Every structure is written in structure tokens, then in C-alpha cells.
Amino acid sequence: MAAIEARGLIKTFGSLRAVDGVSFQVERGETYGLLGPNGAGKTSIMRMLAGLSPISGGELFLSGLNVAEQPRAVRTRLGVVTQADGLDGELSVRQNLEVFGFLIGLSRREARARADEVLGFFRLRERGNAEVDELSGGMRRRLAIARALMGKPEVVVLDEPSTGLDPESRIRVWEELAELKRADVTLLMSTHYMDEAETLCDRIAIMHSGRILDEDTPPELIRRHAGSAALDLRPSGSSRADIRDALTNAGLRFREVGAVIRVTGGNGAPPVLPPLEGVQVSERAANLEDVFLALAGRGLQEEQP
Ligand SMILES: Nc1ncnc2c1ncn2[C@@H]1O[C@H](COP(=O)(O)OP(=O)(O)OP(=O)(O)O)[C@@H](O)[C@H]1O
Ligand SMILES: [Mg+2]
């Protein structure tokens, strides 16, 4: 039985279809990533799963439980880390965890014991008595994840777990998420960081305008949409227009990003350049960012905020 299954899932806000018939399955212990530009519908899917937002159409299951019919049973199996973490800034770190524990039905003693465990797991024990407002952004984020684990959930939903963190804190969060994965917890996450998605996710759905454009493991998405290697071209000032024309005539997919023209292949092959003058070419392994650049040409465009 899948840990999460969506069948033709829909979320409407008035005439807007924020989620427009999405189907996917996440296996137990798998980390599944939702990627896509602002407004793609990632948070809407997670909020429906968490019972924070009614389902407009289609079906959503958690460990075989229908989310629309058994929201309480679903909530006890689910941990949720929202985009805004919703911590109480005036309570201490430990109080945040214990109060949350009462809310999900733990006894005082259970909540205290579990708070101890999660504080230890997230290496926050020595900050237990600090007020949340005194924590750094990274610690806050880790506390929000810790709180989601108070009820020993089977599935944890993480909306942009490391947004705004410095590289060191991000890696710390990654290590802790990897630890959860080892404990066979299923993770559904969204992120705008391609390296994060590549490092953490077993599979990824690339979303746009409420739909899934493609879904697979990161290496397979890269192979399919960006080929084995990407080329970064640095034209000298005068040659830029000629190079653009030559690439277009050769039928290559490219995108100008600052001083660089990025050329991607597809179907596993590297791009083959026509003869070019006045340009520095460097080859590198293709990555998920190239997948996004490649899909941009087919309707995946950054939307205006
Ligand atoms: N409460 C709401 N009322 C009306 N429209 C909403 C509401 N919540 C979300 N939307 C709209 O639904 C669409 C999807 O939003 P959603 O928050 O799911 O996107 P997202 O993929 O999480 O984006 P981001 O990367 O910016 O977090 C957007 O067009 C958004 O404006
Ligand atoms: Mg969102």
C-alpha cells in the first residue's frame, strides 16, 4: 500500500484551479519532492493532505485512509512543517514541543518524554529553555521539524524545509531528514533548491500551473530533459548575436543566463555544437537546473510573483 496516493486531485479557489487533476504515489520510506515555480500548486497539495484545506475534487489517501473521510486518523499519522513554521515565539523551545504534544493527545508525561527525545535528535537540548524568538533561523526551522515529529508520524510533509537558511544550517537539516529516512519515515517535500531536491529526493514531480509535467528520479529527469552534459558558453561581446543565430539554426536548446549561454541536450545525449568563433566553451554534468531551463521552453516559465 502506498504511503500517499493522489488520484485526479483538484483544488479550486473560485475560478482558479490551483491543483488541476494531479495523480501520484509515494511509497513507504520514500522521499518525494514537489518542484515548480511560485504558484505551481505545491503548498495546496500539502495543505489538503494535512487537512488544512478542503479537497475540491479527486481523491487523496494516506496509508490507505481517505483524507476527506478520515481526517482525524490521517492527522495522527502525519507530521506537518508548513511554509511559515507557526511556532509560538513567546514560549520556550521545550514548551512549544510539549504544548503541541498535548494538542495531539499525548499525556503530560508522554509529551515531556517525547520532547526530550526530539530535542536530543535535533541537538537542541541545551536550547530547551530558550525562547523561540531567541533562536537563529536554522534552529527555528529544526524546531519546527522536531515539533512535527512529536507524534511519531509515518509521513512528514515539509513545505520548503530549508528556505532562508545558511549553507551550514541547510546541511544540518538535510542530515536530520536523512536520519528520518533511515527510520523509514515517508517524506513529501517541496523546495526551490535544485541541489536539495537532488540530494534528498528519491523521486520528483515537476509541477506547473497545478499539473505534473513529469515525474521520475533526479538522474532520469536529467537524462531525459537535459542529456548527459550541458555546455556553458561565454561569448566575447561582439560574437553574442552570431552565436545565438548559430545555435538556433542548429536546433539546439539554449538559454542566456547573465554572461553565460547554457546549452542542453536531451534523451541522454550531450549537445553537439556547430562551429563557433569567439566563444569559450566549458562542459559540465547536466543537473536539475538544466531540466528546468529545458522545460521552460515548453511552458514552464517563472511566473510573476
Ligand atoms: N487561500 C487562497 N485563496 C486564493 N488563492 C490561493 C489561496 N492559496 C493559494 N492560492 C493560489 O493557488 C495557486 C497555487 O498556490 P500554492 O501556494 O499551492 O503554490 P506553490 O507551488 O506552493 O508556490 P510557492 O512556490 O510560491 O510556495 C496560486 O495561484 C495561489 O495564488
Ligand atoms: Mg508554497
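In strand S2, phenylalanine 24 is the bridge partner of alanine 6. That pair belongs to a run of eight bridges joining strand S1 (residues 4-13) to S2, and the two strands run antiparallel. Strands here are DSSP runs of E with at least two residues, helices are runs of H or I with at least four, and both are numbered from the N terminus; two strands count as paired if DSSP finds at least two bridges between them. S1 and S2 make a hairpin with two residues between them, and glycine 14 in the turn has a positive phi of about 60 degrees.

A word on the model itself. It is a predicted one, so to speak of local features takes a pLDDT of at least 70, side-chain atom pairs count only at pLDDT 80 or more, and totals for chains, interfaces and linings use all residues. Residues are numbered from 1 along each chain as its sequence is written, while chains are lettered from A and ligands numbered from 1 in the order in which they are written. The protein chain has a mean pLDDT (the predictor's confidence in each residue, from 0 to 100) of 90, with 97% of its residues at 70 or more. Residues 301-305 fall below 50, and beyond near neighbours in sequence this stretch has six contacts in the model; a contact means that the C-beta atoms of two residues, placed from the backbone, lie within 7 Å.

S10 runs antiparallel to strand S9 (residues 203-208), with five bridges between them, and histidine 208 faces arginine 211 in S10.

Now for ligand 1. The residues around it are Phe13, Leu16, Ala18, Gly36, Asn38, Gly39, Ala40, Gly41, Lys42, Thr43 and Ser44, a residue being near a molecule if its C-beta atom, placed from the backbone, lies within 6 Å of it. Strand S2 (16-26) and helix H1 (42-49) are the elements that give two or more residues to this shell, and H1 gives the most, with three. By type, the shell splits into four nonpolar, six polar and one charged residue (Ala, Val, Leu, Ile, Met, Phe, Trp, Tyr, Cys and Pro are nonpolar, Asp, Glu, Lys and Arg charged, and the others, Gly among them, polar).

As for the overall layout, the domain assignment, whose bounds come from an automatic or database source, gives domain 1 (4-216) and domain 2 (222-296). Their centres, taken over C-alpha atoms, are separated by 36 Å. Five residues from domain 1 and four residues from domain 2 take part in the contact. On the domain 1 side, helix H7 (residues 194-200) supplies the largest share, three residues. That side comprises four nonpolar residues, no polar ones and one charged.
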